[in-house]
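Me: I've got a structure to go through with you. Can we take it piece by piece?

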Amino acid sequence: MKRYILLASLLTAISCSQAQTPLITDIGSRKTTSLNGTWQYIIDPYGTGFYDYRFQERKENDREAYWSTDEPANKTERKEHKFTDKYTLQVPGDWNSQAEKFLYYEGIVWYKKSFDFTKSNAANKLYLYFGAANYETDVYLNGKKLGKHKGGFTPFNFEIPDSVLKPTGNYLVVKVDNTRHKDEIPTVNTDWWNYGGITRDVMLVEMPQEYILDYSLNVKKTTPAKTKNIPVEGWVQLHGWENAKQVVVEIPELKIKKSFAVTGDKVPVQFDLPSVQWWSPETPKLYNVVINTGTDKIEDKIGFRTIEVIGKQILLNGKPLFMRGICIHEEVPQQGRRAYSKQDALQLLGWAKELGCNMVRLAHYPHSENMTRTADSLGILVWSEIPVYWTIDFSSADVFEKARTQLTEMITRDRNRASIIIWSVGNETPVNPVRTSFMHNLISAAKSLDSTRLVSAALEVNYQPGANKVDDPLGEFVDIVAFNEYLGWYGGLPDNCRTANWSVAYNKPFFISETGAEALYGFHGDSLTRWSEEFQEWYYREQVAMLKRMPDNFAGLSPWVLCDFRSPRRNNQIYQEGWNNKGLIDHEKGRKKKAFNVLKAYYEEMRVKH
Ligand code: GCU
């Protein structure tokens, strides 16, 4: 199996991320030029711009390819593709919400952007950075292929060679294809809308020849929760290190300035913080950190905290943690579009705060960096997940590599976010040995990428007469046992909770990663009336009563879901109309349903109790 995975990993890495350069992190602190805004587009359901009529991939110099200039060489030349301002899309943004004709569209769209650009220093390197694009992205500049990326929710960047860049009239073409495939991540079946397009920021990034690629700074594991002389450890990854002699790490507010000799491209750093204000939901303290190599300098805002499991408890900064959570999809309900901006993050996390949350589960894929950085500053703990969702092809090493690539990109982008305490490797995956070994390997990969955080996955319940068992074999390998239960919605009525008997097969903290019921905002009836706000309210009342009877290793929950969200699987044309209405906030106007207050009251009780 190992040899097979290695071979497949090589093949997949080559196909998935052609010419992709190592991910540049802390992008907000780099010298960037935004390419956001209005882009021209061509919808290409048949892939005519990419394949010839024999459905063979077009050659790079094929003038009929949609990456080649759309300007005819003379009045006689036949050009059957032309971008115009008559057809434009906003970037960042999904295409589905931008025009009626795109709502259900799955397939290829070509984006084109022209720009002028001269480097501030001719010796600098230049990269093109995408926050995300769903799903398969091929990028061309001035007719040359820069690279390819697969995965709809993680960032990627390509180098722009000097030989390709022009001072004026650069012709950037991006092919985005959100067609679903069985052997991708996610696979063909999800309970969320398959928004397509360039969904997050696009920018040019100018870097010195030798630069700081990435870094990691964390409080040393098993550090007791003292506030003096806190050991911090980590590393600084350099891209090129011939001229860099020292790496200097500075935290001005703590009067820290430490130098570390450069003896290779990965420089280990270790030092003590004389004193520290721990980062926590109550005190989301962030420190300005400056890393300087003489050839490059970055700044970032990070918080220092510890997170660990000791026996049946989760400890944050050495104190027992109870997570008052909520699940969130990356969507702005009122506009039925993908969320991407800081403003969008403030709205969604603001509602979570109003609910009394100290934690959010960002479902089921990595959300934007705006979201995780806003969680850092608002003091909201984060569960971040890759879309290994339901029944992907667990027998394929190629698919494993795609999952590992997304995991690596997720962790690389956000490894310094204090708010993130849990990496999740998947949701509701079927219990069988092939799957369990696949998921176990993913958990090991996550731990080797980042040993400072907890790793989990949303498991399913083994419902037996008289006992709801959480005995999924994957429970052995996760740090906290998390499961989704819908007692009273998918099976029985809410009062089933009164006799529910839970048995968790692992002596670990456990967490309810989903529970919820649907209600159409404004539809009222008695509590037995399905789809009514009263039914949902009743559901939450019964759940809360049941949760109060849970054993002491119950570490919290993140109900499903903060807001109603679009789903192609929800087709009751009276109560759903393409929306999953399990939100506590409705999609039309962002109004709170009755159940919102039931959960809020419970969270206030838990806040006081813990
Ligand atoms: C599942 C799944 C969610 C889905 C939810 C539901 O558990 O994880 O993605 O939306 O249940 O059925 O509403």
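Me: What is the strand order in the open sheet of nine strands?
Reply: This is a predicted model. In it, the order is β22-β35-β34-β32-β29-β28-β27-β26-β23. The pairing is parallel.

Me: Which are the edge strands there?
Reply: They are β22, residues 323-324, and β23, residues 327-329. Each of them pairs on one side only.

Me: Let's go inside the sheet. How many bridges join β26 to β27?
Reply: Four. Strand β26 covers residues 359-363, and β27 covers 381-385. The two run parallel.

Me: What is the bridge partner of R361 in β27?
Reply: That's W383.

Me: Which strands does helix α5 lie across?
Reply: β28, residues 420-427, and β29, residues 454-459. The helix itself spans residues 433-449. Its direction is at about 155° to β28.

Me: New topic: the ligand. How many residues surround it?
Reply: 14 residues do. The closest are D191, Y389, E428, Y490 and K582.

Me: What kinds of residues make up that shell?
Reply: Five are nonpolar, four are polar and five are charged.

Me: How far is a polar side-chain atom of E428 from an oxygen atom of the ligand?
Reply: The distance is 2.4 Å. For E514, a polar side-chain atom lies 2.7 Å from a ligand oxygen. N580 has a side-chain N or O atom 2.8 Å from an oxygen of the ligand.

Me: How much of the ligand does the protein bury?
Reply: The protein buries 96% of what the ligand exposes when taken alone, which is 310 Å².

Me: Back to strands. How do β12 and β13 run, parallel or antiparallel?
Reply: Antiparallel, with eight bridges joining them. β12 is residues 211-219 and β13 is residues 228-239. Y211 has H239 of β13 as its bridge partner.

Me: And how many bridges join β13 to β16?
Reply: Nine, and these strands run antiparallel. β16 covers residues 266-275.

Me: What joins β14 to β15?
Reply: Six bridges, and the strands run antiparallel. β14 spans residues 246-251. Q246 stands opposite A261 in β15.

Technical notes. Residues numbered from 1 in each chain as written. Predicted model: local features only at pLDDT ≥ 70, side-chain atom pairs only at ≥ 80, totals over all residues. Heavy atoms only, no water. Pairing = 2+ DSSP bridges. Contact = heavy atoms within 4.5 Å. Axes fitted to C-alpha atoms, helices over the stretch in contact; angles between N-to-C directions. Near = heavy atom within 4 Å. Polar contact = N/O pair within 3.5 Å; in protein donor to acceptor, adjacent residues only side chain to side chain. Areas by Shrake-Rupley, 256 points an atom, 1.4 Å probe, with all protein chains shown as cover. Nonpolar A, V, L, I, M, F, W, Y, C, P; charged D, E, K, R; others polar.
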